[in-house]
Amino acid sequence: MAEAIIARELRKSYPKDVRALDGLSLQAEAGTIFALAGPNGAGKSTTVKILTTLSRPDSGEAQVTGIDVLRYPDRVRQRIGVVGQKTGATPEATGRENLVMQGEIYGLTGRPLRQRVEELLERFQLRDAADRSTKTYSGGMRRRLDVALGLVNRPEVLFLDEPTTGLDPEARMELWQEIERLVGDEEMTILLTTHYLDEADRLAGQLAIVDKGRIVAQGTPDALKSELRGDAIQVELANPSSGDRVHEALRSLPGLSAIGLEGSTVRARAEHGASAIPTILSALEKEGITVASMTLARPSLDDVYLRYAGRVYHDDANGGEEAA
Amino acid sequence: MKAARHTWQITLRYLRALFRQPAWIGITLIQPMIWLLLFGALFKSIAKIPGFHGGSYIEFLTPGLIVMLAISSAGWSGMAYIEDMNIGVMDRFLVSPIWRGALNAGSVAQQVIIIALQSLIVAGLSLAVGGHFPNGVGGVAILIGVSALLGASFASLSNALALVVRQRESLIGAVTSVTLPLTFLSTAFMQQTLVPNWIRWVARFNPVNWAVQAGRSAATQHTDWNLVLTRTGLLAALLLVSAWLATRSFNSYQRSI
């Protein structure tokens with residue numbers, strides 16, 4: 001099996017002409033972590049909802065583990081695990097009760113079910129809290145239970161929708177390690193969405209950047225970054241300046257490309273960053289623009305986003321939730 | 001098999017939620033007492049109206065009250081759905097291979113258990129304050145049965161509505177504007193021959209009245225078995241339609257997300 005997930009030309013609009021997906025296509029190889037990265041509202045969650053049979057697209061098609069999602073949703077459901085953005089565990093029940101119920105839904109019973117539940121409690125360090133109501137769980141514990149719930153049926157493909165949003169750094173790191181272990185030890189395919197580009201960079205074997213309902217770039221994180229030749233240069237101006245003046249100053253400099261200005265920050269790409277710095281400095285000063293600071297970096301996924309989406313990446317939490 | 005197992009899991013889940021709330025248990029026990037004693041005292045003199053027959057008002061009131069309590073608890077069933085949508089539980093169920101019917105059936109089963117418990121409390125209280133059930137346990141069982149049938153329909157319709165409106169406020173508005181009028185457009189508290197003609201006419205099409213008539217007739221002397229059977233049949237048909245609607249409504253919910 002080569003592709004665990006295939007989506008072709010998915011389109012979906014919500015009432016009031018909100019276009020969530022605008023011809024999104026992707027292919028995720030089996031046995032890897034596939035990250036769908038992009039800002040809030042880009043269409044990541046809608047994609048996951050369609051691939052997990054929760055929602056239906058207006059047009060387009062999708063297959064998960066080779067099975068048509070729209071035609072045979074029940075067969076897909078049996079083979080996947082889903083961890084949504086919201087918890088999904090029932091608050092009045094204990095962790096163990098939640099896991100047992102989830103197992104029963106997938107047709108596990110008796111001893112195999114009990115063994116599976118104990119195994120997951122152990123693995124996600126929930127044994128001590130197993131018989132407490134999940135209302136008493138901390139955010140990190142609840143997230144671990146959510147992932148455990150998604151794994152009860154030993155899915156071939158696991159979907160994680162923004163798994164680390166709202167977690168503290170330590171809990172996030174723990175979850176990252178667990179996700180990496182799942183792919184390594186159990187040869188599972190994982191599709192995760194994230195609006196943290198660093199998370200995608202760290203975890204993903206394959207990455208797709210989503211913007212306005214379409215995939216704007218897809219590949220391994222390294223390949224995407226190395227496609228951007230040269231270094232990223234960021235210049236902080238002492239005072240906000242007009243785009244025209246900055247462009248005027250930098251336009252003619254050799255080896256400089258992708259010049260952009262936002263507020264008082266100028267971004268550009270340079271083939272040889274180190275030698276470009278003094279040239280940029282003097283060119284700006286000649287125009288009477290004062291520079292406060294300047295940084296030089298190897299390309300990051302933020303630069304990839306800038307290149308393909310045509311604007312600077314903001315992962316602000318109040319960027320508007322996707323149409324739910 | 002799968003359907004039964006899934007329904008049991010959902011029922012178990014709701015019962016757990018219920019019995020782990022001491023406050024709920026208290027309210028469920030006390031509420032019937034308040035209604036029976038309050039209505040019993042308030043409307044006591046109805047029994048003295050010329051043309052009223054059928055013994056004491058408590059005896060007349062008990063079946064009406066049991067039916068009223070059934071719909072007023074089952075009508076809120078959809079609130080649990082909305083809560084589940086908000087916390088993510090609903091989505092987790094819908095991406096699993098769970099039988100959709102179980103999500104409604106489990107919720108309805110919980111309501112039926114609540115209705116049975118509350119009805120038994122009302123019946124017991126009624127006996128304690130001097131009411132009689134001439135047809136004994138059998139009559140009371142039929143009374144509780146028709147109340148449960150009606151409650152199951154109300155619960156299913158409430159669930160269906162919850163899946164469509166997805167907002168607490170809309171559901172609250174709909175439930176309150178339906179249950180009370182339907183109760184008073186029935187013979188729950190007033191004998192049929194004593195209500196205005198138009199109410200009598202409307203009541204013929206009111207499922208609440210079907211349950212009240214069948215339940216009252218079964219529980220009191222001179223049972224009209226023809227009435228009991230036809231009304232029970234109508235209620236069963238209503239339940240089938242409501243349950244079908246509730247199960248179909250998951251499609252509507254899934255289309256909208």
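Analyst: What follows describes one open sheet in chain A and the helices beside it. The model is predicted: local features need pLDDT of at least 70, side-chain atom pairs count only at pLDDT 80 or more, and totals for chains, interfaces and linings use all residues. Residues are numbered from 1 along each chain as its sequence is written, while chains are lettered from A and ligands numbered from 1 in the order in which they are written.

The sheet has six strands in the order S6-S7-S8-S3-S9-S10 (chain A), and the pairing is mixed. Strands (E, at least two residues) and helices (H or I, at least four) are DSSP runs, numbered from the N terminus. Two strands pair if DSSP finds at least two bridges between them. In general, strands of a sheet pair through backbone hydrogen bonds, either parallel or antiparallel.

At the edges are S6 (80-83) and S10 (214-219) of chain A, each pairing on one side only. From one strand to the next, the twist averages 15°. Four bridges join S6(A) to S7 (157-161) of chain A in the parallel sense, and Ile80(A) stands opposite Val157(A) in S7(A).

Helix H1 (44-51) of chain A packs on this sheet and touches S3 (33-37), S7, S8 (189-194) and S9 (206-211) of chain A. Contact means C-beta atoms, placed from the backbone, within 7 Å. The direction of H1(A) makes about 150° with that of S7(A). Such angles run from 0 to 180 degrees between N-to-C directions, with axes fitted to C-alpha atoms, for helices over the stretch in contact. Helix H11 (301-309) of chain A lies across S9 and S10 of chain A, at about 50° to S9(A).

Technical notes: Two residues are in contact if their C-beta atoms, placed from the backbone, lie within 7 Å.
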